[in-house]
Amino acid sequence: HQFAQALDHEKHVIDSAVKKGVNKLKETAAEVAKKVALRGAITKDETAKNLPNYPYMRTLVPKDHDFTKYKPLGGNRFIEYLEGESPYAMTDSLREQSDNLARSRRVHVVNAMKHVWKNYKEYAFGMDELHPISKKGTANWGGMGTTLVDALDTLWLMGMKDEFWEARDWVRDHLSHDKVGDVSGFETTIRSLGGLLSAYDLSGDKVFLEKADDLGAKLFKAY
């Protein structure tokens, strides 16, 4: 009985803390929304010509940008979106700015993927995980090459086709679901099964479909 009372008390404390935190965020969001309104934000019924400047647009990122000097901008940003509404309307000019900014970032995103894939290939190719500090691979997700399979569609979409086909060869020659043991049904479905199916959808290579069919048949009993 005392344990149950203590448990109820702890639950009440946690619920109260969560409620206070949410209320605080809502209050902050309301304050930000008021400031945005004072800057000239308009409702959806008004004309776009009265819109304020979108406050979060950044300058284009040069190809030689040094990300080692990046400093986090901190929290409590974008708080005016908390309730699901935006005080800004998308205009053609804003869309063009946003697209140009995204394009200037693409090369850096691809370079980051090339960096991590290079290390995965060197230290843990075919393993479920790479531990970057110890530079060792582990089979913590059933030994199904989870990182490799999960990354297949990313490799394809980023234009890293040589790396994609090399990974395909590993799937064809080494991936097996016969002696895996217990796995997370959710993670295996979204990462392994989803990875194989998306790779098949993108490339049309039936190796992925055959492996997906084999894995799906084994997962079927979980549902």
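On a 1 Å grid over the protein atoms alone, a cavity is a set of points where a 1.4 Å probe fits but cannot get out, and its lining residues have an atom within 4 Å of a point; grid points are joined across faces, edges and corners, and a volume is the space filled by probe spheres set on the points. This is a predicted model, in which local features need pLDDT of at least 70 and side-chain atom pairs count only at pLDDT 80 or more, while totals for chains, interfaces and linings use all residues. Residues are numbered from 1 along each chain as its sequence is written, and side-chain values use heavy atoms, with hydrogens and water left out.

A search of the whole structure finds one cavity of 30 Å³ or more, and the largest cavity has a volume of about 30 Å³. Its lining is formed by W141, M144, T146, E187, T188, R191 and S192, with α6 giving the most, four residues.

Helix α6 spans residues 185–203 and also holds G194, where helices are DSSP runs of H or I with at least four residues, numbered from the N terminus. G194 is partly exposed, with a relative accessible area of 26%, a term for values between buried (under 20%) and exposed (over 50%), taken with a 1.4 Å probe and protein chains only. From G194 to A212 the C-alpha distance is 8.2 Å, across 18 residues in sequence.

Elsewhere, F67 lies in the loop between α1 (2–38) and α2 (92–124), and F67 is likewise partly exposed, at 43% relative accessible area.

Methods:
Helix = DSSP H or I, 4+ residues; strand = E, 2+ residues; numbered from the N terminus. 1 Å grid on protein atoms, 1.4 Å probe; cavity = no way out; pocket = protein on both sides within 12 Å on 5 of 7 lines; lining within 4 Å.
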